[in-house]
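The following note sets out points for a colleague who is examining the structure. The points are numbered so that each may be checked against the coordinates in turn.

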Amino acid sequence: MTTRLYTHPIYLEHLTPPGHPERPDRLRAIARALEHESFEALDRKEPPMADPSAVLLAHPEEYLERIRKAMPEEGMVRIDADTSASSKTWEAALTAVGAATAAVDDVFTGKADNVFVAARPPGHHAEKLTAMGFCLFNNAAIAARHAQKKFDAEKVAIVDWDVHHGNGTQDIFWDDPTVLYCSTHQMPLYPGTGAKDETGAGNIVNAPLSPHTGSDNFREAFRSRVLPAIDRFGPDLIIVSAGFDAHHRDPLAEIDLYEDDFDWATGELMDRAGRFCSNRLVSLLEGGYDLQGLAMSTAVHVTRLMRG
């Protein structure tokens, strides 16, 4: 397998208030983990900054302009109670979009079998018209639409194992049967969406997990709900919203997963990518707020992507 890694120094310049969990140190921890000699074969690239028009694949122009106008020239502003922006946030957010779309280009043109994007700000809470939950632009949704527009992908599956439900991705694709959205997440928990009966046009598959659920229940949710949905759907591309905040060390939730669980889930999705879409899989970093848990989980995830 050829695995490409996209990351960029600009992501460290998206600043958040002191004590905020979504902080630049997250990417520093990942970078240290991926410095190990076992990752020498990783194809490391810096992504391009996307043209703002790429955002319009998933968000209307009025939203794009509202976010643009909210960006400060210096200092920091709050977009909502949890979501902040600094002077470099606009550039960082567009480079996160650029990484997501470049990753799609890579897997469709054969430059890589799969790609991991270590970017921030994350994206899966960003709804069509609302920035929230540390997220400005929905990178996974933009990547899916990019695959459909540029490569005529008929069906895209997005699998979200972040511990918080990806309300933004669900909102964007609620009535679109060409995109399958599957999510495992803790419930009750922020943002309060993700019940089993939220099914959209039959393309939304939620598998909520109770607090202090462990590996067995997580894997059963995957086996009983997520994987059968992918098998029925037969996607042309799999996108992973790879949040690692379901790790047992994470301070923002109570789902007690270990690195082996992320390795297993990655392997199951790679199996489907091999069966349905010529190995095309794009993984986008979402949450994960304990630095050690994040680093260890990312390392096993990327190792599994490289191993094939």
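1. Ala-295 is buried, with a relative accessible area of 12%, which places Ala-295 under the 20% limit for that class. The residue belongs to helix H8. Leaving aside residues up to four places away in sequence, Ala-295 touches Ala-29 and Ala-33. For a sense of distance across the chain, Ala-295 and Pro-48 are 247 residues apart in sequence, and their C-alpha atoms are 24 Å apart in space. As with every value in this note, these figures come from a predicted model.

2. The axes of helix H1 (residues 25-33) and helix H8 (residues 291-307) come within 9 Å and cross at roughly 45 degrees. H1 is therefore oblique to H8. The crossing of H1 and H8 is right-handed. On the H1 side the contact is made by Asp-25, Arg-26, Ala-29, Ile-30 and Ala-33, and on the H8 side by Leu-291, Leu-294, Ala-295, Thr-298 and Ala-299. Sorted by class, the residues of this contact of H1 with H8 are seven nonpolar, one polar and two charged.

3. Helix H6 (residues 215-233) and H7 pack at an angle of about 10 degrees, and their axes are 11 Å apart. Because angles under 35 degrees count as roughly parallel, H6 and H7 fall into that class. H6 contributes Ser-215, Phe-218, Arg-219, Phe-222, Arg-223, Leu-227, Ile-230 and Asp-231 to the contact. From H7 come Asp-260, Asp-261, Trp-264, Ala-265, Glu-268, Leu-269, Arg-272, Arg-275 and Phe-276. The residues of the contact of H6 with H7 comprise eight nonpolar, one polar and eight charged.

4. Apart from residues up to four places away in sequence, Asn-139 touches Ala-96, Val-97, Ala-100, Pro-121, Pro-122, Gly-123 and Leu-284. Ala-140 also lies in helix H4 and counts as buried, at 0% relative accessibility. With the same exclusion, Ala-140 touches Ile-158, Ile-239, Ser-241 and Leu-284. Ala-140 and Thr-101 are 39 residues apart in sequence and 9.1 Å apart in space, C-alpha to C-alpha.

5. The bond from Arg-120 to Pro-121 is cis, with omega near 5 degrees. Pro-121 is located in the loop between strand S5 (114-117) and H4, and Pro-121 is one of the residues that Asn-139 touches. Tyr-190 and Pro-191 are likewise joined by a cis peptide bond, with omega about 5 degrees. Pro-191 sits in the loop between strand S7 (179-186) and strand S8 (204-209). Most residues other than glycine have a negative phi, and most peptide bonds are trans.

6. Asp-152 is not a glycine, yet has a positive phi of about 55 degrees. Asp-152 is found in the loop between H4 and strand S6 (156-160) and is exposed, with a relative accessible area of 62%. Ser-278 has phi near 50 degrees, again a positive value in a residue other than glycine. Its place is in the loop between helix H7 (259-276) and strand S10 (281-285). Ser-278 is exposed, with a relative accessible area of 54%.

7. Buried residues make up 59% of the 308 residues.

8. The secondary structure of the protein comes to eight helices and 10 strands. Among contacts between residues at least 6 apart in sequence, 76% join residues at least 24 apart.

Definitions and conventions:
Residues are numbered from 1 along each chain as its sequence is written. This is a predicted model: local features need pLDDT of at least 70, side-chain atom pairs count only at pLDDT 80 or more; totals for chains, interfaces and linings use all residues. Side-chain values use heavy atoms; hydrogens and water are left out. Axes are lines fitted to C-alpha atoms, for helices over the stretch in contact, and angles run from 0 to 180 degrees between N-to-C directions. Helices (H or I, at least four residues) and strands (E, at least two) are DSSP runs, numbered from the N terminus. Angles under 35 degrees count as roughly parallel, over 145 as roughly antiparallel, 65 to 115 as roughly perpendicular and the rest as oblique. A crossing is left-handed if the near helix is turned anticlockwise from the far one by less than a right angle, and right-handed if clockwise. Contact means heavy atoms within 4.5 Å. Ala, Val, Leu, Ile, Met, Phe, Trp, Tyr, Cys and Pro count as nonpolar, Asp, Glu, Lys and Arg as charged, and the others, Gly among them, as polar. Buried means under 20% relative accessible area, exposed over 50%, partly exposed in between (1.4 Å probe, protein chains only).
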